[in-house]
Amino acid sequence: MRAVDLIRKKRDGGEHTREEIDFLIKGYVRGDIPDYQMAAWAMAVVWRGMTPAETAHLALAMAHSGETADWSALGGTVVDKHSTGGVGDKTTLVVAPLVASVGVPVAKMSGRGLGHTGGTIDKLESIPGFRTEIGRDELLSIVRRHGVAVVAQSGDLAPADKKLYALRDVTATVESIPLIAASVMSKKIAAGAQAIVLDVKVGSGAFMKTLSEAEALARAMVRIGADVGRKTAAVLTSMDQPLGYAVGNALEVREAIDVLRGGGPADLRELCLRLGAQMVALAGAADDPDAARRLLEAALADGRALAKFREWVAAQGGDAAVADDPARLPSASCVRTVAAPRSGVVSAIDAEAVGRAAMLLGAGRETKDAPVDAAAGVVLRRKRGDAVRAGETLAELHWNATFDARAAEAERIVAGAFRIGDGPVEPEPVVYCIIDGSDSG
């Protein structure tokens, strides 16, 4: 078997066998297949596509290229949630303890933020003392005792995906539904959860800008899950404006705590309940998502969800007192407001622009090794559909003195992210649709 023959086969529209995909992935990880050949193969996939069977084979091959987690010792069904990335997306901070509070174990490996989308690990590390670098034995112990743990993704998890993604990023081969789907699912499969809920973002602040693109990706990922024996569902959610009001690490933790207390922004609360209900239902802890939602609403109302958050934070070494006193979280020394230039109704907010502004203030990374300021970010004071008078506050910028030179540019970007019209605005759904194994074909 030779790489050049497999490149030619895919170029000409052929379908790879499992053995051929294993040969490509193993050879690439070992270094036997050079970047230029793998890049040629990836471009052939961009042009010719992959069948569902090929895509599942690719996801499995990449998942088994490094270490894999095994949660079978815990008993029951361990669930995981994955987001395709958005602005202000702090749902894991709510959903993980919420779902665990009704008896469904949650074990999640997450990444750090890069660019305008924040990373769950950065948000958790804004809690004083919170540890995300945890070994496998301790991780298993935490989940067994407390029902929930979220840790930094190991560099040994799906190394083939990491290597191939870096190559695709510089060879214009990122935009391929099969390659994206296999990339996401390889990491989820390697992370070991038996049930997976995918939050597929759609809109200006998401990788997938249109609903049709997002649906195609969601169906491909759910199909992979079904093919490899993982219960999988995808929730297509809006990212045409930031989720909630806060964008930035400690700012988002505060907002997540508000939801766990029974309040918080309506869109964030609704999405967390919808995602959590899918997780609980897939785990078999409720007959259907409606019944699961009722369990979760009760856990928010009676304080179990907030209590589980305290327990989780303490278990990973963090200051659990932040649950009752969010002022213990880092706060910025500089706050500036962005005023509305005219009266009217907010008709749109460019989520990606708000994310870029937060990154400029220190809340995100332009390069993978850049430091993050836990206190920095943007807090919206108006959302789509809200009325505003000229001079009233649209948003607040939070930063520390290190980033003074960038504040003016961040202010310009946030001001430009808001569109103000004269008439009423049609409400935007939080969730567009849900795709599960019954309709992923």
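Two strands count as paired if DSSP finds at least two bridges between them. Strands (E, at least two residues) and helices (H or I, at least four) are DSSP runs, numbered from the N terminus. The model is predicted: local features need pLDDT of at least 70, side-chain atom pairs count only at pLDDT 80 or more, and totals for chains, interfaces and linings use all residues. Residues are numbered from 1 along each chain as its sequence is written, and side-chain values use heavy atoms, with hydrogens and water left out.

**Stop 1: strand E8**

Select strand E8, residues 344-349, together with strand E10, residues 387-388; the two run antiparallel and share 2 bridges. At Gly 344, the residue standing opposite is Val 388 of E10. Val 346 has Ile 420 in E12 as its bridge partner.

**Stop 2: the aromatic cluster**

Next, select Phe 130, Phe 309 and Trp 312, which form one aromatic cluster. Rings of Phe, Tyr and Trp (its six-membered ring) pair if their centres lie within 6.5 Å; planes under 30 degrees apart count as stacked, over 60 as edge-to-face and the rest as tilted. The count by this rule is 2 aromatic pairs. In one of them, the ring centres of Phe 130 and Trp 312 are 5.9 Å apart with the planes at 90°, so this pair is edge-to-face. Because Phe 130 is in the loop between helix H6 (120-125) and helix H7 (136-146) while Trp 312 is in helix H14 (residues 304-315), the pair ties together parts 182 residues apart in sequence.

The rings of Phe 309 and Trp 312 have centres 6.0 Å apart and planes at 80°, so this pair too is edge-to-face. Phe 309 and Trp 312 are 3 residues apart in helix H14, which means a separation of about one helical turn.

Phe 130 and Trp 312 are both buried, Trp 312 with a relative accessible area of 0%. Phe 309 is buried as well, at 2%.

**Stop 3: the nonpolar cores**

A nonpolar core is a set of buried Ala, Val, Leu, Ile, Met, Phe, Trp, Tyr and Cys residues joined through side-chain atoms within 4.5 Å. The largest one has 86 residues, and Ile 127, Phe 309 and Val 378 have the most contacts inside it. Helix H12 (residues 266-282) contributes the most to this core, 9 residues. Centre the view on Ile 127: beyond its neighbours within four places in sequence, its contacts (heavy atoms within 4.5 Å) include Val 253, Phe 309, Val 313 and Leu 329. A second, separate core holds 60 residues, among them Ala 59, Leu 179, Ala 190 and Met 208.

**Stop 4: charges over rings**

A charge sits over a ring if NZ of Lys or CZ of Arg is within 6 Å of the ring centre and within 35 degrees of the ring normal. Select Tyr 28 to find Lys 163 over its face, 4.4 Å from the ring centre. Then select Tyr 245, where the charged end of Lys 383 is 5.1 Å from the ring centre.

**Stop 5: two alanines with positive phi**

Most residues other than glycine have a negative phi. Ala 158, in the loop between strand E3 (148-152) and helix H8 (159-169), has a positive phi near 50°. Ala 158 is buried, with a relative accessible area of 1%. Ala 172, in the loop between H8 and helix H9 (177-191), has a positive phi near 55°. Ala 172 is exposed, with a relative accessible area of 59%.

Definitions and conventions. Buried means under 20% relative accessible area, exposed over 50%, partly exposed in between (1.4 Å probe, protein chains only).
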